[in-house]
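Hi everyone, thanks for making the time. Please have the viewer open while I talk, and stop me whenever you like.

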Protein chains: 2
Amino acid sequence: MNQKLPTIKEIARRLNVSVSTVSRALSDHPRIGAATRERVKQLAKELNYEPNAQAIFFKQKKTHVVGVILPYIREEFFSEAISGIEMVALEHEYTILFGQSYDDVEKEKEVVNAMRRQRVDGLIISPSKTTLRYDHIEALDNYDIPVVYFDRVPLSEKANRVYCNVYQGTIEMVGWLFNQGYRRIAFINGPDKIAASRDRLNGYIEGISRQKLKVDMQLVENTDLTKESTQDAVAKLLALKQPPNAIITFNDYVHMDAVQYADKQHIKVNRDIIFVSYANLPITAYTANPPLASLEQYPYAQGEKAMKMIIRLMNEKNAETQEAVFLSEEILPTLVINQYQPR
Amino acid sequence: MNQKLPTIKEIARRLNVSVSTVSRALSDHPRIGAATRERVKQLAKELNYEPNAQAIFFKQKKTHVVGVILPYIREEFFSEAISGIEMVALEHEYTILFGQSYDDVEKEKEVVNAMRRQRVDGLIISPSKTTLRYDHIEALDNYDIPVVYFDRVPLSEKANRVYCNVYQGTIEMVGWLFNQGYRRIAFINGPDKIAASRDRLNGYIEGISRQKLKVDMQLVENTDLTKESTQDAVAKLLALKQPPNAIITFNDYVHMDAVQYADKQHIKVNRDIIFVSYANLPITAYTANPPLASLEQYPYAQGEKAMKMIIRLMNEKNAETQEAVFLSEEILPTLVINQYQPR
DNA sequence: TTGTAGGCGTTATCAT
DNA sequence: ATGATAACGCCTACAA
């Protein structure tokens, strides 16, 4: 073929009617003759007519594009999340503009601006771990671009958020460890500025307290999520006069670095010290020492919810309604116990 | 703010000049007075004017959107690849429309059609493993949408392709195994319909032959890439009268399933039988039994090349030039030897 | 029930 | 050097 794509104008010309007639016929407008409607639809089908989405979006001042910014797509958690986003987007005929921040706030700014210039209708973002101020994201408000924070949500409630309640999950996790007989429960938390870490810590403290144990802050370390930092944290815990017999790690990636190091230090992972974690990534099933338990955070479901939320916000924007009401959706995690024999 | 975004029309109104003057001033058109140019640029800056990409693309009949369809983004190989694509896209102000086929040809058709309706300017695709016919993709030719096949390329040369030369890589791999003293080298290949498998097999046969060994097809099994199928293949190899002492697997995911099964069968992985693989995924470093060697295929670089190729094709399309010339780019893989002690 | 015309933001082609 | 106008594809208020 390679001929030009048919337009309503072309159909109108061939049928000797006006473009508006064609437009109405194709959109089943009530005030149109049944006969003409069929003639138009018939020819449209023959010509393989498809409306030009670009033209429609342009006229409507919409792009039907939603920006999605994630730290690292290669992390299974985020690739699952974007799959959930994609699924809902496809159902609603939205398109995903994809970008990574590589956990770098400067890169994040670049990508946010690129998306603004592309006039995305909305943005779903899981901010980088170095993002402490949200100015560059909040600036989108000036452009009427709604934003949904996802998984890594700001502390402030003045934002639309979808996240997993790791606070509750952590309490449950500590309770489970207690019931298994563990009393010296350590925690390798993430960067202390981010909400994900704060929630875990609060859950940990609450969980320990509920078991009438004393919170010992010597058992709490932080990692900036690099391998080196995680290993430092493990080393500090191992060097304690009374080392822990259980270690909770920030997520499965931290877990993998932690147990790799522990293994090198001749610790029998999940026997001398048991390890539990967050995320429950399928890939851990293949690793030498999977976590004995991991908190499933349902990234796919989170992605779906985030996309549904942004769609709702984009529609409300049209309606020009309310005065700064923020949406929030919480997912309850599940503690998944791994069935396997530690070596 | 929340006011409407400024347009050239608005700037023109305020400056009492015509829109065309503004347009020319902003685009540094030669026939424009230096004074007016500065006045316009000044005001544009004050108003934070940004050209409406939608309007420009609409007029140019371009979307500046490139579709990318991958089987599974959660596979590290593909997430690396899309990162390479993203990087080049960003540099050239292209946007990525993202979709997954989940290795299902029907889903792939859906996504391809969705992208066609969105009028992507080009498509980069790594076809699903169940894609045997390419009609639905080739149909894009009728819409003047260039296609670049990526990694999993069709056998036919009548397509634009970016791929890794696993044929050469496999020869090298077999040579390395031979030099290490292994003589019974088995191969668990992928689905035999896809080019990736064909190339590996040819490389294997050539590699074995170059070492003056006899090709024994009993040592060659196939997997459809599911865990079960892979385990069947391992089982068959183990059941041979003369089992192999080295096994090459289709990729690191197949490797992981294979060694997990071998381990259950009380094989000492990488001692009784050594395992080598393709992809060299970082995640394997955390697994119980990483491949002793893995063929690095540089997915990021492949992604970059694919994006550059599609950009070139999209530009040529404009020029309405040549008669079906197909581009092809090949990346040479590297055999990476893992430094670690098998258990 | 159908046609006409204007507009979305921008660029290009004519004029002036 | 600058302005007026048409055009891209579609929709819609208004007119007939």
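Predicted model: local features only at pLDDT ≥ 70, side-chain atom pairs only at ≥ 80, totals over all residues.

Let's begin with how the two protein chains relate. If you rotate chain B by 180 degrees, with 0.0 Å of shift along the axis, chain B superposes on chain A with an RMSD of 0.1 Å. That is the relation of a two-fold axis.

Now, what does each chain bring to the contact? There are 38 residues from chain B and 38 residues from chain A. On the chain B side, helix 4, helix 5 (76-91), strand 2 (95-100), helix 6 (105-117) and helix 11 (252-264) each give at least two residues. Helix 5 of chain B has the largest share of that side, with 7 residues. If you sort the chain B side by class, you get 17 nonpolar, 13 polar and 8 charged residues. And why can we say that the copies meet through the same surface? Because 97% of the interface residues of chain B are also interface residues in chain A.

On to the DNA, starting with strand C. It has 24 residues around it, and the closest are A:S20, A:T21, A:G33, B:T7 and B:A55. The elements that supply two or more residues here are helix 2 and helix 4 of chain A, along with helix 1 (8-15), helix 2 and helix 4 of chain B. Which of the elements gives the largest share of the surface near DNA strand C? That is helix 4 of chain B, with 4 residues. By class, the surface near DNA strand C divides into 10 nonpolar, 10 polar and 4 charged residues.

Now DNA strand D. Of the 25 residues around DNA strand D, the nearest are A:T7, A:S20, B:S20, B:T21 and B:G33. Two or more residues each come from helix 1 (8-15), helix 2 (19-26) and helix 4 (53-60) of chain A, and from helix 2 (19-26) and helix 4 (53-60) of chain B. The classes here are 10 nonpolar, 10 polar and 5 charged.

Let's look inside chain A next.

Next, the sheets. Chain A has an open sheet of 6 strands in the order 7-6-8-9-10-12, with mixed pairing. Strand 7 (220-222) and strand 12 (334-337) of chain A are at the edges with a single partner strand each, so one side of each has no neighbour in the sheet. On average, neighbouring strands of this sheet are turned by 20 degrees against each other, direction ignored. Within the sheet, strand 9 (residues 274-279) and strand 10 (residues 293-296) of chain A pair in the parallel sense over 4 bridges. Helix 8 (residues 166-179) of chain A lies across strand 6 (185-189), strand 8 (246-249), strand 9, strand 10 and strand 12 of chain A, and runs at about 160 degrees to strand 10 of chain A.

Chain B also has an open sheet of 6 strands, in the order 7-6-8-9-10-12 with mixed pairing. The edge strands there are strand 7 (220-222) and strand 12 (334-337) of chain B, each pairing on one side only. In chain B, let me point to strand 6 (residues 185-189) and strand 8 (residues 246-249), which pair in the parallel sense over 4 bridges. In that pair, B:A186 stands opposite B:I247. Finally, helix 10 (residues 227-238) of chain B lies across strand 6, strand 7 and strand 8 of chain B, at about 160 degrees to strand 7 of chain B.

That's my tour, and I'm happy to take questions.

Note on methods: Residues numbered from 1 in each chain as written. Chains lettered and ligands numbered in written order. Near = placed C-beta within 6 Å. Nonpolar A, V, L, I, M, F, W, Y, C, P; charged D, E, K, R; others polar. Least-squares fit on C-alpha atoms with pLDDT ≥ 70 in both. Contact = placed C-beta atoms within 7 Å. Pairing = 2+ DSSP bridges. Axes fitted to C-alpha atoms, helices over the stretch in contact; angles between N-to-C directions.
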